[in-house]
Amino acid sequence: PESPLRSRNGFYPEASVASSSQHDLAFFDAPISNASLKQLNRDVPLTVPDKNGYIIGDDLLPDSQWTPLLVFVNSRSGSQQGQLILMQLRRLLNPIQIWDLADGDPTPVLRSFLVLSRLRILVCGGDGTVSWIISTLENMKLER
């Protein structure tokens, strides 16, 4: 006899959502056999964060023509408008695209985002801030 908790496709369904077919798994379904685990691994691509905690890649973009924007803001530069710019940009863009240079070196963030085949970088700050980002990029010895 089949357990009342076990669905026909080999997964334990979430309490309120039962799976209707093999390819129609609920979010919290868990595999109960090696076969169902292999199916889940095949159907759901594994995306692992990089060492900085970012999950970034061209395959995650909706269209291959999209060009993500990475923004560096020096909140201590110029007329101290950096905090206002940070707040406004974080409302308009995904907050992971915005890096306050007061929080640390831009190298780890650049390494994470440079896995993208297309990327635009916006630097908000003074001449020294722009120079800092350019020299960081040059020191990374990227292929063109």
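Biologist: Which residue in β4 does V73 stand opposite?

Modeller: The model is a predicted one. In it, β3, spanning residues 69-73, pairs with β4 in the parallel sense over three bridges. V73 therefore belongs to β3 by its number, as strands are DSSP runs. Its opposite residue in β4 is D100.

Biologist: In what order do the three strands of the open sheet lie?

Modeller: The edge strands, each pairing on one side only, are β4 (98-100) and β5 (120-124). From one strand to the next the twist averages 20 degrees. The pairing is parallel, and the order is β4-β3-β5.

Biologist: What angle does the direction of helix α2 make with that of β4?

Modeller: Residues 82-92 form α2, which packs on the sheet and touches β3, β4 and β5. Helix α4 (residues 127-139) also packs on the sheet, touching β3 and β5, and its direction makes about 145 degrees with that of β5. For α2 and β4, the angle is about 160 degrees.

Biologist: Which element gives the most to the largest nonpolar core?

Modeller: This core has 10 residues in all, including Y54, L70, F72, L110 and M140. Two or more residues come from each of β3 and α3 (107-113). With three residues, the element that gives the most is α3.

Key: Residues are numbered from 1 along each chain as its sequence is written. This is a predicted model: local features need pLDDT of at least 70, side-chain atom pairs count only at pLDDT 80 or more; totals for chains, interfaces and linings use all residues. Side-chain values use heavy atoms; hydrogens and water are left out. Two strands pair if DSSP finds at least two bridges between them. Helices (H or I, at least four residues) and strands (E, at least two) are DSSP runs, numbered from the N terminus. Axes are lines fitted to C-alpha atoms, for helices over the stretch in contact, and angles run from 0 to 180 degrees between N-to-C directions. Contact means heavy atoms within 4.5 Å. A nonpolar core is a set of buried Ala, Val, Leu, Ile, Met, Phe, Trp, Tyr and Cys residues joined through side-chain atoms within 4.5 Å. Buried means under 20% relative accessible area, exposed over 50%, partly exposed in between (1.4 Å probe, protein chains only).
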